[in-house]
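Please read them with the coordinates open.

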Amino acid sequence: MKSFKDSTGHVWDLSLTIGRARLIKSRFDIDVVGGDMGVIATRLHNEPMTRMDIIYLLLADNDGFSQEAFEDNHDAKSYLDADEAFWEEFGNFTQSLSPNRGEAISKLIKKMKQVSELQSKMTVEMAGDPVMIQNMERVIKATKEKASREMEELVTTFEDPEVTIHETAQKLAGQTYLE
């Protein structure tokens, strides 16, 4: 179980269980137990509002808050805290289901964070210059596409018993996004 605070200081606990996984599947058609983790992680990464819907669904106790009231109590910082708690809980859940898949998801989450940090950095550095913004959008799109391909490859690699975690880690260590 992971915890985070909203902008009012209220502490929330997230718990991804088999019962909650069933709800996620029925409401969002996302199978966090038996689905392709690379595809799932990519979809969730690219759909932040779906993640927020799932975060609300994973609350151990909503304390009587409607989803709208819960979301109204989140500013940008508390949303990022909730998002980080979600990814940690998601990683722990998949690790419990399968150590190899859990390790793969942990690496995917790190890659996604790198992409997000790159987006933020580029936005701050290049804001205001139309040519730079266009170039930034091109680089971000290419980065997301490359990260998605690598995520799919990574999940496939972890499902191949002939490839060790060490070999995969070495491969990841040598990759860069801005080629």
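1. Helix H3 is largely enclosed by the rest of the structure, since 7 of its 10 residues are buried. Buried here means under 20% relative accessible area, exposed means over 50%, and partly exposed lies in between, with a 1.4 Å probe and protein chains only. The buried residues of H3 are Thr50, Arg51, Met52, Ile54, Ile55, Tyr56 and Leu57. They pack against E1, E2, H1, H2, helix H4 (67–72) and H5, where contact means heavy atoms within 4.5 Å. Helices (H or I, at least four residues) and strands (E, at least two) are DSSP runs, numbered from the N terminus.

2. On provenance: this is a predicted model, in which local features need pLDDT of at least 70 and side-chain atom pairs count only at pLDDT 80 or more, while totals for chains, interfaces and linings use all residues. Residues are numbered from 1 along each chain as its sequence is written, and side-chain values use heavy atoms, with hydrogens and water left out.

3. Helix H3 (residues 48–57) packs on helix H5 (residues 76–97) at an angle of about 75 degrees, and their axes are 10 Å apart. That makes H3 roughly perpendicular to H5. On H3 the contact is made by Pro48, Arg51, Met52, Ile54 and Ile55, and on H5 by Tyr79, Ala82, Asp83, Phe86 and Trp87. By class this contact has 8 nonpolar, no polar and 2 charged residues. Axes are lines fitted to C-alpha atoms, for helices over the stretch in contact, and angles run from 0 to 180 degrees between N-to-C directions. Angles under 35 degrees count as roughly parallel, over 145 as roughly antiparallel, 65 to 115 as roughly perpendicular and the rest as oblique. For the classes, Ala, Val, Leu, Ile, Met, Phe, Trp, Tyr, Cys and Pro are nonpolar, Asp, Glu, Lys and Arg are charged, and the others, Gly among them, are polar.

4. His45 lies in helix H2 and counts as buried at 15% relative accessibility. Neighbours within four places in sequence aside, His45 is in contact with Arg51, Trp87, Met112 and Ser116. Arg51 and Trp87 also belong to the contact of H3 with H5.

5. Strands E1 (residues 2–5) and E2 (residues 11–14) pair in the antiparallel sense over 4 bridges; two strands pair if DSSP finds at least two bridges between them. Phe4 stands opposite Trp12 in E2. The two strands form a hairpin with 5 residues between them, and Gly9 in the turn has a positive phi of about 95 degrees.

6. Phe65 lies in the loop between H3 and H4 and is partly exposed, with a relative accessible area of 25%. Not counting residues up to four places away in sequence, Phe65 touches His10, Trp12, Tyr56, Phe70 and Asn73. Trp12 is the residue that Phe4 stands opposite, and Tyr56 is among the buried residues of H3.

7. The salt bridge count comes to 5, a salt bridge being a side-chain nitrogen of Lys or Arg within 4 Å of a carboxyl oxygen of Asp or Glu. One of them joins Lys2 and Glu88, with the closest N and O atoms 3.6 Å apart. Lys2 lies in strand E1 and Glu88 in helix H5, so this pair ties together parts that are 86 residues apart in sequence. Lys2 is partly exposed at 25%, and Glu88 is partly exposed at 32%.

8. Asp81 forms a salt bridge with Lys77, the closest N and O atoms being 2.9 Å apart. The two are 4 residues apart in helix H5, which separates them by about one helical turn. Asp81 is partly exposed at 29%, whereas Lys77 is exposed at 57%. A further salt bridge links Glu47 and Arg43, at 3.3 Å between the closest N and O atoms.

9. Please check Asp29, in the loop between helix H1 (18–28) and helix H2 (37–46). Phi of Asp29 is near 55 degrees, a positive value in a residue other than glycine. Most residues other than glycine have a negative phi. Asp29 is exposed, with a relative accessible area of 62%.

10. For the chain overall, there are 8 helices and 2 strands. Buried residues make up 41% of the 179 residues. Of the contacts with a separation of 6 or more, 65% are between residues 24 or more positions apart.
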